[in-house]
Amino acid sequence: MSFLLRQARRSAWSGEEDVTEERRAAALASFGRRPEDTDGVSVFAVAGEADVALVVAAIACTKREVGTIDLLRLEDDEVTRFGSISESEGRTAVLPANPLHRVLNWTPEKLAELVSHLLVLRRKATRHSPGAVVAVLLALPPTDVEEGIARDWLVKTQQEKARP
Amino acid sequence: MTASAECSPLTTAQSTTSQPQRPLQPPSPLTTGYQPFGIPRTESECDGMLAAAEWRIREQPALRRDIAADVARFLGASSHLWTTSRRARLERVLISAGPGTLGCVFAIVAASPRDEVVDHAVRVLVAAAAEDEGVTRTLVSLLSGSRGQSILTQAPSVREVMLRALSNSTGTVAGEAKVRVAFVLAKGDPSPAVRDAAVQALSVMGGRDAVAILTGLLGTLRETEENETVLDSIVEGLETLSGR
């Protein structure tokens with residue numbers, strides 16, 4: 001099992017057949033690329049549930065927030081139909097997640113083609129609830145998180161959430 | 001976030017009469033002759049830009065809003081240059097720029113409502129609110145339209161950022177008002193993304209009443225809510241709360 005994950009809100013990627021203009025715009029925005037995004041659009045290449053948990057932890061520790069995380073699953077072959085997947089060491093706060101990081105270093109037009117394809121397929125993002133995010137964080141060794149504000153936040157969160 | 005509340009430019013501005021009349025409006029660089037930073041391509045360029053922004057914020061107060069509008073472009077930037085520590089440094093630059101920062105951050109979120117941008121914008125607002133509870137009051141005020149301007153004139157992504165910042169802010173101010181605002185948006189905001197964010201905010205902010213609030217909301221929306229994600233969020237919120 002190998003696939004890509006991209007952080008993308010379920011309100012845009014709801015899997016519903018009816019694609020309103022607002023939902024299409026939100027879906028396009030979730031793959032939006034600005035000049036400041038010099039590397040491309042971030043994705044993570046995962047090979048199983050342990051990797052998915054690392055990605056969830058990486059996003060949570062980077063934004064330092066125990067909240068919902070929505071992830072969109074992309075199959076390797078459906079992505080490579082539109083362009084290549086480039087290696088790019090991640091800069092998340094969770095060190096073991098960084099080797100999973102990849103980028104779609106594509107033009108906005110090419111990214112829009114992928115989005116349209118996924119909307120036709122009625123792709124739905126998977127939601128990781130705050131409870132699920134907490135469970136992932138409680139299992140994460142602090143030493144897996146870079147020293148500094150992210151590790152401090154993780155330790156504090158683990159102490160708070162582990163209290164009976 | 002080491003700056004004390006008394007030296008926070010946010011607090012300083014809000015405790016005087018210089019509170020901005022149009023806090024959501026980003027500045028126009030053309031009005032000041034401000035020269036924007038280039039997009040950094042190396043680590044040293046990125047550090048240099050942050051150092052220059054920090055210096056200019058400190059030494060050129062007249063340009064603070066221009067600097068904030070400029071560097072806010074890098075919120076959630078997808079680049080290997082933006083490490084956790086540099087992102088945190090960017091947050092500090094934005095917070096130290098003062099009250100104009102809110103409008104600059106909202107402008108970027110409206111233009112680029114990508115998840116990483118939204119997440120980073122929430123982070124800035126939460127950090128700002130931690131230093132100055134006036135930020136929380138401002139967000140409540142804006143979301144409730146009590147400044148004479150409907151919040152619906154703002155992009156859905158901006159309303160979402162405000163809601164998430166409110167639900168993550170840890171201050172003690174405006175507790176009931178925060179819940180009231182979220183409840184109104186959960187019931188009636190035209191954007192499903194905002195209704196979804198409002199439901200999630202209620203799960204967090206509702207405290208002991210969260211189950212009752214979400215149960216009431218589910219009863220109200222079961223027949224009228226067209227977006228499955230919003231209904232799912234209510235059910236998932238109730239499941240999470242009952243599992244606590």
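Where is the place of Arg122(A) in chain A? The legends below start there; the model is predicted.

**View 1. Arg122(A) sits in a loop of chain A.** The loop runs between helix 4 (108-120) and strand 6 (126-128). Arg122(A) is not a glycine, yet its phi is positive, at about 55°. Its relative accessible area is 44%. Arg122(A) therefore counts as partly exposed.

**View 2. Arg64(A) is a loop residue with a positive phi.** The phi of Arg64(A) is about 50°, although the residue is not a glycine. Is Arg64(A) buried or exposed? Its relative accessibility is 10%. The cut-off for buried is under 20%, so Arg64(A) counts as buried.

**View 3. Helix 3 of chain B packs against other helices.** Helix 3 covers residues 64-71. Which of its residues are buried? They are Asp66(B), Ile67(B), Ala68(B), Asp70(B) and Val71(B). These buried residues pack against helix 2 (43-59), helix 4 (84-96) and helix 5 (100-111) of chain B.

**View 4. Chain B is built with 12 helices and zero strands.** Along the sequence, the pattern reads α-α-α-α-α-α-α-α-α-α-α-α. The chain has 244 residues, and 56% of them are buried. Take the contacts between residues at least 6 apart in sequence: 69% of these join residues at least 24 apart. The accessible surface of chain B is about 10300 Å². Carbon and sulfur atoms account for 54% of that surface.

Definitions and conventions:
Residues are numbered from 1 along each chain as its sequence is written. Chains are lettered from A and ligands numbered from 1 in the order in which they are written. This is a predicted model: local features need pLDDT of at least 70, side-chain atom pairs count only at pLDDT 80 or more; totals for chains, interfaces and linings use all residues. Side-chain values use heavy atoms; hydrogens and water are left out. Buried means under 20% relative accessible area, exposed over 50%, partly exposed in between (1.4 Å probe, protein chains only). Helices (H or I, at least four residues) and strands (E, at least two) are DSSP runs, numbered from the N terminus. Contact means heavy atoms within 4.5 Å. Accessible areas come from the Shrake-Rupley method with a 1.4 Å probe; for residues, only the protein chains shown count as cover.
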